[in-house]
Amino acid sequence: MKKSVSLLMLLAAFSGVAQHKDIDQKVEALLAKMTLEEKVGQLNQYSGDNTVTGPLTINPNKEQEIKDGKIGSLLNIMGSRYTRQYQELAMKSRMKIPLLFGLDVIHGYKTTFPIPLAEAASWDLAAIELSARVAARESASSGIHWTFAPMVDISRDPRWGRIMEGAGEDTYLGSAIAYARVKGFQGKKLGDLDAVMACAKHFAAYGAAIGGRDYNSVEMSDRTLWETYLPPFKAALDAGAATFMNSFNDINGVPSTGNRHLQRDILKGQWKFTGFVVSDWTSINEMIAHGFSADKKDAAFAAITAGSDMDMESSAYRENLAQLVAEGKVPEAIVDDAVRRILRKKFELGLFDNPYRFSDEKRQQKELNNPENAKAAREVAAKSIVLLKNEKNILPLSKGTKTIAFIGPMVKPKRANHGFWAVDVKDIDSTYIVSQWEGLERKVGKNTKLLYARGCGFNDTSKAGFAEAIAVANQADVVILSIGEKHDMSGEAKSRSTINLPGVQEELVKELQKTGKPIVILINAGRPLVFDWTADNMPTIVYTWWLGSEAGNAIADVLFGDYNPSGKLPMTFPRNEGQIPIYYNHLNTGRPAKNEDDHIYVSAYIDLKNTPKFPFGFGLSYTTFAYADLKLSKTALKRSETLTASVTITNTGKVAGEEVVQLYLRDKVASIVRPVKELKGFQKIKLAPGESKTLTFTIDDNMLAFYHANLDFKSEAGQFDLMIGASSEDIRLKSGFELLESQGVNKDESNLSMPKP
């Protein structure tokens, strides 16, 4: 039997190699027949006339240019009918090269899942992969070949609007999620009708934009770039990401779009990436405003020689690349390499065999109405909710509660639950979106009376609605107050200098508190918010983020205990903006504060506690968990060996629940100062009341390595702390071990161990 399995695996491997070789031969044969103008056309991407995120290229000759073979890809065209119509135009071109259709499918297509930052709060890699899988099936059925996701930027500044697209502040968690999302989007293999090409973005370090301001500059050392910001991209590449997108920002004065070191030396050189790189929206032209390029022709030269293969929307290649080749400034071999990479993906997708294979209206209708998709969205949304406070055990609510007042600007809206970067699917109304009111209404029994008041809008300055809200609250046994950001307050170009609850919403909280009623606060947002008064004075707070089309059902499931919340924060929540950037894995100083109130000649603010409001990895449950019996298999580790740490987790409460058990390490003394702790592993487990499980974590030399000043990636002998806990601050058990001195071996970052879903 083993021989048969091995033979099958060998045959499959040979088949894959043969297929790859066959595609390469077809690409070369096609490339040999193409004119220079047709090659340049493959590098040109235009947007449809809707859903734009930047300056739109007005081109009345777009359809004719497709027929002339001058366009290789379109974005923001969706739906089987529409993609087929445009593909038919491409089939009238001389070479009949099919178009690629791309779209920002960031957290769902028709079925909208929680925003990526919220999904990261689930710490559930299987759920995150499922989310991307459903999004791929739906979008692929609608003629889409390519999603501009996942965004894998690490960010430690919640003022940055695009933080909602990523996985938060931690490199290890972000890398694991990047891997899972790529696997979800691309499925078993490209070319399957339920798979779309993933795009790892934004390459690189966009999340470190100065001041949390979108499109801004980035300044950082090479070591920080490699240690913190590049690993999620490498994880996406290891998962098979078909494409990369470069970032708007410059890094140390060089725009990423024109950065040869990033794109040619690292991505296509050291990492051996065989897919293609697409610019971000008009980012090639924007190198002129950066002061890096003199004009559009100069920008085209900088981008193509740096390794940007496809020009999104700026027309810089279309207008200038052939001339640059004719003048001898750009070798045609560079153009050929870019075209080759794009054609290869079109062959892998099977578009040359059948350009319309993804444009099937019957399959689209079936997939967009698949009830399993909504079920998945509900499950993932529930897993993404984080219980921040439950001091008086108001939650879970009893379904026998007589009267509930549901108040706030998020109670009855539908599309607002989608948050930013939701796809507006053509010809589909919003009836499939479950509002928070509808979710609660479906959950409670006939004997429960629901009362409603809006109270205020998201950004209101008027308190005119307070009186009605107070009157409604006074009639209820329990008040649920749903507040937060409007759906367009976080996202691209949505950076905020202050990240407090907008408008008069916190004033509404204060007024409702005076009623003396039990109050549950729901906070809907695309980023960590500052809500210091509410956090200090309200005993029950649930962070619901933006949860997507099943938000109402998922929230009701958590509020009434049909799902026990298990989310953990993927970001540190500051007390106010003055603490930003604040993150758990910071370096120690020569004068660290002894506690949160220590301000005497130490690294601290004199007017603020040193600790965050809520730490990375934090989240409560309706049950409790005990950590015990931490055991290490050895206390001295050779570089060639592994060490195991085992710990027993027990559900000490009365209901079943899930816990995210987190492993942190600290290199106590090193040639380069190391963080106070670093996440190096986690496991999410479900336990029945009274049930215990023993978990095992494996530590090897690779987990202890770090980048040195010369960018060697290697470990150093010495003492290490090993910590296991329920959050970065709630360390329950601690031990230590020693890495023994031996001949150090430089490691390639491709060996970085990432958890696989």
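The side chain of Lys389 reaches out to the backbone oxygen of Met538, at 3.1 Å. This comes from a predicted model, so please read every value below as computed from that model. Lys389 itself sits in strand β11, which covers residues 386-390.

**Around Lys389**

- Is Lys389 buried or exposed? Its relative accessible area is 9%, which is under the 20% cut-off for burial, so Lys389 counts as buried.
- Leaving aside residues up to four places away in sequence, Lys389 touches Ala535, Asp536, Met538, Pro539, Thr540, Ile541, Phe614 and Leu620.

**A parallel sheet**

- Five strands form an open sheet with parallel pairing, in the order β4-β3-β2-β1-β10.
- Which strands stand at the edges? They are β4 (146-147) and β10 (311-312); each has a single partner strand, so one side of each is left without a neighbour in the sheet.
- Strands of a sheet pair through backbone hydrogen bonds, and they can do so either parallel or antiparallel.
- Within this sheet, β1 (residues 44-47) and β2 (residues 73-75) run parallel and are joined by three bridges.
- Ser47 has Leu75 of β2 as its bridge partner.

**Helix α12 and its surroundings**

- Helix α12 spans residues 296-306, and its buried residues are Ala299, Ala300, Ala302, Ala303, Ile304, Thr305 and Ala306.
- What do these buried residues pack against? Their partners are α10 (260-270), α11 (286-290), α13 (316-326) and α14 (332-348).
- At the start of α12, a side-chain oxygen of Asp295 comes to within 3.3 Å of the backbone nitrogen of Lys297.
- Just after α12, Gly307 has a positive phi of about 115°.

**The whole chain**

- The protein chain has 22 helices and 26 strands.
- Its radius of gyration is 27 Å, close to the 27 Å that the globule rule gives for 757 residues, so the chain is as compact as a globular protein of that length.
- The C-alpha trace spans about 75 × 65 × 65 Å along its principal axes.
- Of the 757 residues in the chain, 61% are buried.
- Among contacts between residues at least 6 apart in sequence, 78% join residues at least 24 apart.
- The accessible surface comes to about 28,400 Å², and 50% of it belongs to carbon and sulfur atoms.

Terms used:
Residues numbered from 1 in each chain as written. Predicted model: local features only at pLDDT ≥ 70, side-chain atom pairs only at ≥ 80, totals over all residues. Heavy atoms only, no water. Pairing = 2+ DSSP bridges. Helix = DSSP H or I, 4+ residues; strand = E, 2+ residues; numbered from the N terminus. Buried < 20%, exposed > 50% of the residue type's maximum accessible area, 1.4 Å probe, protein only. Contact = heavy atoms within 4.5 Å. Polar contact = N/O pair within 3.5 Å; in protein donor to acceptor, adjacent residues only side chain to side chain. Rg over C-alpha atoms; globule rule 2.2 N^0.38 Å. Areas by Shrake-Rupley, 256 points an atom, 1.4 Å probe, with all protein chains shown as cover.
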